[in-house]
Amino acid sequence: MNYRHAFHAGNFADLVKHAGLLRLLSELTASGGPLMVIDTHAGRGLYDLGGPEAKRSGEAEAGVLKLRTAGDAPPEIAPLRKAVADLNGGGAMRRYPGSPWLIAEALRPGDRYIACELRGEEHEALQAALKGRGPAVRTLNADGYAAAVAECPPKGRVLVLIDPPFEKADDYARVVQTLAALRRKNPAAQALVWLPIKDLETLDSFLRDLEDEVSAPMLVAEARVRPLSDPMKMNGCALVLVDGPDLSQAFAAICGWVAAALGDGGAAKVYPLSPQ
Ligand code: SAM
């Protein structure tokens, strides 16, 4: 298990994921009863943009640092821009918020959050990042796929964020199995999945498996930052929203801006999936 998100924090793919997540959370917390959020792959919660990993990769520089000064970013990205500015006290951008920080900040009294992280060192940093949030916010040093199904309540509102590193060949299959198991346990469970786009074959086969195994309305939003000519590179990323509110316009605005402003010959696309 070599993946370290510190190399990638604040890159174009984090912007798509986190702007989409904040938009979704604002819908889900605008009304309705208590919400439980489960984050299967939480990471360390907060990232140091001045650290050696971020400096070496340069990914935040090509992502969130460009967002900070962009004059053309759509309103759908404004909440993420504000969250980053708030975290940095309005000053120089030294830290970037991971999904745990963004989720914990967005929840209402009565909502709950479980953040799962398998790697011991990352889990310790996650605990520190979420310290003082009270008993409604828990972390688990555990496999997030299994923990999400175990912790998912059989009734009530639950949102599961699934954001694996995709460094193992079985990550795609485990996402599909986990979504199917969550929906069997709680037919109202909602989910947001992040995935990289490297080549079309892998993306298509994952989406076909989702259609076959998960019986729920699903929306796919793609942000490609370059043509898919080199399958060894991350040429874009996608979000799959499972049984969520209609965010097609918001996701199109987010992905469209990222593809145009941070990409080179990229494109955005948003479309529904039809379960079989
Ligand atoms: N969701 C985070 C965010 O948006 O800030 C980033 C998560 S990062 C892409 C993936 C994380 O999953 C890494 O920190 C890695 O250590 C962790 N991980 C890998 N396999 C895991 C598993 N089976 N269960 C839980 N965490 C896992």
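This tour goes from the sheet to the helices on it, then to a pocket.

The model is predicted: local features need pLDDT of at least 70, side-chain atom pairs count only at pLDDT 80 or more, and totals for chains, interfaces and linings use all residues. Numbering runs from 1 along each chain as its sequence is written, and side-chain values use heavy atoms, without hydrogens and water.

**The sheet.** Select the eight strands of the open sheet, in the order β5-β4-β1-β6-β7-β9-β8-β10. Their pairing is mixed. Strands (E, at least two residues) and helices (H or I, at least four) are DSSP runs, numbered from the N terminus. Two strands pair if DSSP finds at least two bridges between them. Go to β5 (137-140) and β10 (267-273): each has a single partner strand, so one side of each is left without a neighbour in the sheet.

Select β1 (35-39) and β4 (112-116). They run parallel, with four bridges. Ile 38 has Ile 114 in β4 as its bridge partner.

**Helices on the sheet.** Show α1. It lies across β1, β6, β7, β8 and β9, at about 20 degrees to β9. Angles run from 0 to 180 degrees between N-to-C directions, with axes fitted to C-alpha atoms, for helices over the stretch in contact. Next, α10 (248-262) touches β7, β8, β9 and β10; contact means heavy atoms within 4.5 Å.

**The pocket lining.** Select Leu 22, Trp 101 and Glu 105, which are among the residues lining the second largest pocket. A pocket is an open set of points on a 1 Å grid over the protein atoms alone where a 1.4 Å probe fits, with protein on both sides within 12 Å along at least five of seven lines; lining residues have an atom within 4 Å of a point. Finish on α4 (78-87), which gives the most to this lining, five residues.
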